[in-house]
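Please review the briefing below, which concerns selected local features of one protein model. The points are grouped by topic.

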Amino acid sequence: MVATSTMKSKNPECIAELLDRRLDQAQVDEELDYWDHGLIEPNLNEGVFEERTCQHLAKMFENSLSRAKTTKLHCTELLVPEKLTRRIARDVLRLSSGEPCGLRGCILYVNLEVENMCKKLDRIIYDSSVVPTFELTLVFKQDGSVWPSLRDFFLIGACFTHGFRHAVKLSPGFRLIKRKLYSSSAGTVIEEY
């Protein structure tokens with residue numbers, strides 16, 4: 001739907017034109033507000049764009065975990081619950097939505113909580129051309145209910161792999177911590193899932 005009008009803004013000429021038509025001030029305001037707000041068409045591509053952004057962000061998390069598997073976690077397998085990275089991506093997008101630059105202004109720190117200590121895994125900058133306006137710290141949690149596998153102890157050469165574990169399993173729970181960088185009044189937001 002396309003709407004056209006001779007009134008382009010709330011400038012004095014437009015108001016004078018409406019007053020010349022013998023409209024009272026309430027009708028003038030209503031007419032101007034209609035053209036400013038009443039004909040906004042829904043953006044059907046917005047949902048598709050958000051879904052693509054969510055998929056891209058989830059893929060970034062998966063790549064980050066894949067890199068950290070051998071370099072930081074020193075394991076041969078990293079078990080991630082199904083759809084965990086998608087859930088996290090949706091929550092990151094939600095927390096980014098109220099920011100001036102959205103996700104583009106985010107620095108995202110990825111950590112893993114192991115035995116009450118946080119291990120730094122990665123730092124993700126979604127758009128390096130934008131000055132960051134906020135930080136998000138993502139804390140994955142290791143699934144503590146899993147006992148080390150017996151095969152980890154009986155693998156040939158397991159005693160020769162310095163510090164390498166066979167598998168690390170992540171819990172479906174995670175924590176997101178948001179901190180605004182350029183706002184003195186804003187505090188830190190912690191969300192636990």
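**Loop residues, a helix and a buried serine**

N116 lies in the loop that joins β2 (106-114) and β3 (117-125); helices (H or I, at least four residues) and strands (E, at least two) are DSSP runs, numbered from the N terminus. The model is predicted: local features need pLDDT of at least 70, side-chain atom pairs count only at pLDDT 80 or more, and totals for chains, interfaces and linings use all residues. Residues are numbered from 1 along each chain as its sequence is written, and side-chain values use heavy atoms, with hydrogens and water left out.

**Positive phi in loops**
- Most residues other than glycine have a negative phi.
- N116, which is not a glycine, has a positive phi near 65°.
- N116 counts as exposed because its relative accessibility is 77%; exposed means over 50% relative accessible area, buried under 20%, and partly exposed in between (1.4 Å probe, protein chains only).
- K83, also not a glycine, shows a positive phi of about 65°.
- The loop between β1 (75-79) and α4 holds K83, and this residue counts as exposed because its relative accessibility is 57%.

**Helix α4**
- Helix α4 (residues 84-96) comprises 13 residues.
- From first C-alpha to last, α4 reaches 18 Å, close to the 18 Å expected at 1.5 Å a residue; the expected span is 1.5 Å times one less than the number of residues.
- Buried residues of α4 include L84, I88, D91 and L95.

**S64 in helix α3**
- S64 belongs to helix α3 (residues 45-71).
- S64 counts as buried because its relative accessibility is 2%.
- Leaving aside residues up to four places away in sequence, S64 touches V110, D122 and I124, where contact means heavy atoms within 4.5 Å.
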